[in-house]
Amino acid sequence: MQSGQMRPVTLFIAGLMGLLGVISAAAASHGADPRLLGGASAMCLAHAPALIALYAAWPMMRTAALAALLMSAGTALFAADLTARHFLGHGLFPMSAPTGGVLMMLGWLSVAAGAFFMRKES
């Protein structure tokens with residue numbers, strides 16, 4: 001997928017993350033142990049606005065596509081692992097949540113690096 005095609009996909013993923021964040025928060029409030037779903041909700045609701053910001057900064061920030069890809073994949077993996085642990089009693093695969101966490105961190109590092117890799121104004 002080319003960078004130009006990724007931009008609208010990033011906004012779509014942000015919307016889905018926001019939706020799933022609210023759903024998992026609601027589900028957490030009705031269960032016996034809200035920690036896992038609460039954590040999944042927090043990650044989704046924290047990264048959805050970040051993806052919207054990346055969508056907005058896309059024309060100026062050279063690292064926006066990389067940051068969006070890393071944050072999207074990392075958040076999805078992390079939240080899916082916590083959700084699986086809640087509902088299934090086990091994670092997706094060994095080290096899936098930490099892998100997702102590392103991907104999210106690399107996404108934020110890509111955002112930080114974007115300060116030094118801005119496109120020139122036309």
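Trainee: Where does Leu-19 lie, and in which helix?

Mentor: Leu-19 lies in helix α1, residues 3-30; helices here are DSSP runs of H or I with at least four residues, numbered from the N terminus. Keep in mind that this is a predicted model, in which local features need pLDDT of at least 70, side-chain atom pairs count only at pLDDT 80 or more, and totals for chains, interfaces and linings use all residues. Residues are numbered from 1 along each chain as its sequence is written, and side-chain values use heavy atoms, with hydrogens and water left out.

Trainee: Why does Leu-19 count as partly exposed?

Mentor: Buried means under 20% relative accessible area, exposed over 50%, and partly exposed in between (1.4 Å probe, protein chains only). Leu-19 comes in at 47%, so partly exposed it is.

Trainee: What makes Phe-12, Leu-16, Leu-19, Leu-20 and Ile-23 a patch?

Mentor: Patch members need over 30% relative accessible area and no salt bridge, and nonpolar side chains (Val, Leu, Ile, Met, Phe, Trp, Tyr) are joined within 5 Å, while like charges are joined within 9 Å. These five residues form a nonpolar patch on the surface, with about 480 Å² of accessible area together.

Trainee: Why is Asp-81 with Arg-85 called a salt bridge?

Mentor: The rule wants a side-chain nitrogen of Lys or Arg within 4 Å of a carboxyl oxygen of Asp or Glu. For Asp-81 and Arg-85 the closest N and O atoms are 2.7 Å apart, so the pair passes. Both sit in helix α3, 4 residues apart, which means about one helical turn between them.

Trainee: Are Asp-81 and Arg-85 buried or exposed, or something in between?

Mentor: Asp-81 has 0% relative accessibility, so it counts as buried. Arg-85, at 37%, is partly exposed.

Trainee: How many salt bridges does the rule give?

Mentor: The count comes to 2. Arg-35 forms one with Asp-33, again with the closest N and O atoms 2.7 Å apart. Arg-35 is at 65% relative accessibility and therefore exposed, whereas Asp-33, at 32%, is partly exposed.

Trainee: How do you know that the charged end of Arg-7 sits over the ring of Tyr-55?

Mentor: The test asks for NZ of Lys or CZ of Arg within 6 Å of the ring centre and within 35 degrees of the ring normal. The charged end of Arg-7 is 4.2 Å from the ring centre of Tyr-55 and is listed as sitting over that ring.

Notes: Areas by Shrake-Rupley, 256 points an atom, 1.4 Å probe, with all protein chains shown as cover. Helix = DSSP H or I, 4+ residues; strand = E, 2+ residues; numbered from the N terminus.
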